[in-house]
Amino acid sequence: MSRRALRRLRGEQRGQEPLGPGALQFGFRDDDDAEEEGPKRGPGGRRPRSPGKEGVRVNNRFELINIEDLEEGPVVNGERSDGLRTEAVVSGSKRKSQSGSAEPRKDGEVDDRTGPLEQSNVSGKLRKKKKKQKNKKSSTGETSENGLEDIDRILERIEDSSGPHHPSPPPLSSRKHVLYVEHRHLNPDTELKRYFGARAVLGEQRPRQRQRVYPKCTWLTTPKSTWPRYAKPGLSMRLLESKKGLSCFAFEHSEEYQQTQHKFLAAVESMEPNNIVVLLQTSPYHVDSLLQLSDACRFQDDQEMARDLVERALYSMECAFHPLFSLTSGTCRLDYRRPENRSFYLALYKQMSFLEKRGCPRTALEYCKLILSLEPDEDPLCMLLLVDHLALRARDYEYLIRLFQEWEAHRNLSQLPNFAFSVPLAYFLLSQQADLPEQELSSAREKASLLVRQALIMFPGVLMPLLECCSVRPDAAVACHPFFGPNSEISQPPALSQLVSLYLGRSHFLWKEPAIMSWLEENVREVLQAVDAGDPAVEECENRRKVLYQRAPRNIHRHVVLSEIKEAVAALPPDVTTQSVMGFDPLPPSDTIYSYTRPERLSPVSHGNTIALFFRSLLPSYTMEELLPRQALSELRGRAGAQKALLRWVSLPQGERQEDGGAEGLDHNQGLNRLMLAVRDMMATFHFHDPEAPHEDHAEGDGEWD
């Protein structure tokens, strides 16, 4: 601090310093004492500072000093120098008491004892004021903390005075929609931080480089610095309609994106992944190319690259969102019948699968709810076969129970084997928690036992495969009983066998705990007693199985193909396994809504090499028009027409058959002969050249070689 500031604090001004020993100084002592003592100066004419700063100097001799003025001293750095004034007052009182004891008293002079009493009162007032200021500072922090406690006490008093106790309303989370998605649960780092801590998750991550500029903040993925610079690939979203509180959206492809899509389809038909890589070099954010190449990397056990490609596809589609499209509201719809929307479904499903394998079931459950909310009525990917498994793995038993209670009335979730067994398992695991009241634990245990008995009666073919998957040897009384024996598996319909295989292949390990097995054993014995007693529910469930599970719908087949569970894929019907299944669009709906069509390709093979024609004919995308020459094709068409006419002729009665059979029979024979000649000519043109065999060079240059 400068000298000028110090002088201002002490009340000094330039040019008004005391010049000699007769300078007047006012302090808390007598004038005689002040004149006798005089100012003491050090070397250089400066006054030495005493540790207590005795007295308060006043340079203006015609100005009196009040105690009230002393109480309101100058402010130094935002605080008043109260301690300084207190010390000055105390030191002045000490000096006055000393000088009063040394000198004799005079008449008319007030007793010296009154001075120290008044000064002690003043110092006491100053100390009390200082304490009050400290109490004010401390009380400001305490009032904010005690305010909430006071509010809670007031609410408790209101509840107590309101009479009998009413059940408290459900928490805010339970009031939300059952398909409500939370943004924070879409980030897998949130779940990993809860498991391993923030330092373990974010320790190796570097801050994002500033040279990479991304257009917007996304919720589904976090853009990486290793990705190509984002440029709009021609993908957008538009609002189709809004009715009954629901908003229907659809992705759109620009003309440039449509051309890229046609190139992608040609690359897929070539069955060469390098063609897709070349396409991604020119269009790095083409969604279908990224998903197809992700499958190729996954088949080659490059899981990291496969996941990175899926995240890039999700980022490309999220950047194309409509401003009104919301991931969390549960009121936005995407029609799966439109091919442009299917890529978003498949990208979410693949990301969910990677998150489950990564050990983030809570995040995978949030993605599952998101897929289900896009079209909950149709459920094109049949996420109801998976949501129970993810809820159990994430230990979110309350959500699974709530979903079952709200959707059982209009969706009949108990008719699915996965819900029939997962819901009682959720009740049982909920009853094992120690932080719940005893009454809730007992009611959850009773509910679990009731539901698992109903599931065993409805689906008896689940028990023995479940015990086999868990490596548990069943009791002889259970294994030999006809209700749970091999006949229960053989007699169930194929569609039900497929659902059972899917559930056991995915969730059998959840039943391996000893406590769960002992609970299951108790209920199996009770079911056997009910079967032996002739319970009418057994026959009713058997009739229901024969009626409900005739054939699985197409969305279940699509879910089985995407799940890649061997037991479930092996149970697919032949009409599904015989058709070609593309990874970017597995089992498309029969009522697809096309916004644009692929242009017809010119046949480049009608005049090519015969061997090239043969190898190209092995590709599944080539039709008969591309395989045969035009002449042979016309002959084949004539043969097909002749066959149809021949079939019509055979189906006619004997009398009608003789009227017009002669001319048509000649045409059939002629067409067949022409076709055989064309095939013979084509086979005669096959000539193979052996490069190792020696051949003679013809001098004339017009010779032929074989």
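Helix axes here are lines fitted to C-alpha atoms over the stretch in contact, and the angles between their N-to-C directions run from 0 to 180 degrees. This is a predicted model, in which local features need pLDDT of at least 70 and side-chain atom pairs count only at pLDDT 80 or more, while totals for chains, interfaces and linings use all residues. Residues are numbered from 1 along each chain as its sequence is written, and side-chain values use heavy atoms, with hydrogens and water left out.

The protein has 32 helices and five strands, taken as DSSP runs (H or I, at least four residues, for helices; E, at least two, for strands) and numbered from the N terminus. Of its 706 residues, 39% count as buried, that is, under 20% relative accessible area with a 1.4 Å probe, protein chains only.

Take α9 (residues 255-269) and α10 (residues 273-282): their axes come within 8 Å and cross at roughly 160 degrees. The two are therefore roughly antiparallel (angles over 145 degrees). On the α9 side, Thr 260, Lys 263, Phe 264, Ala 267 and Val 268 meet Asn 275, Ile 276 and Leu 279 of α10, contact meaning heavy atoms within 4.5 Å.

Further along come α13 (residues 339-358) and α14 (residues 361-374), packed at an angle of about 160 degrees with axes 8 Å apart. That makes α13 roughly antiparallel to α14. Residues of α13 including Phe 344, Leu 348 and Met 352 meet a set in α14 that includes Tyr 367, Ile 371 and Leu 374.

Note on methods: Angles under 35 degrees count as roughly parallel, over 145 as roughly antiparallel, 65 to 115 as roughly perpendicular and the rest as oblique. Buried means under 20% relative accessible area, exposed over 50%, partly exposed in between (1.4 Å probe, protein chains only).
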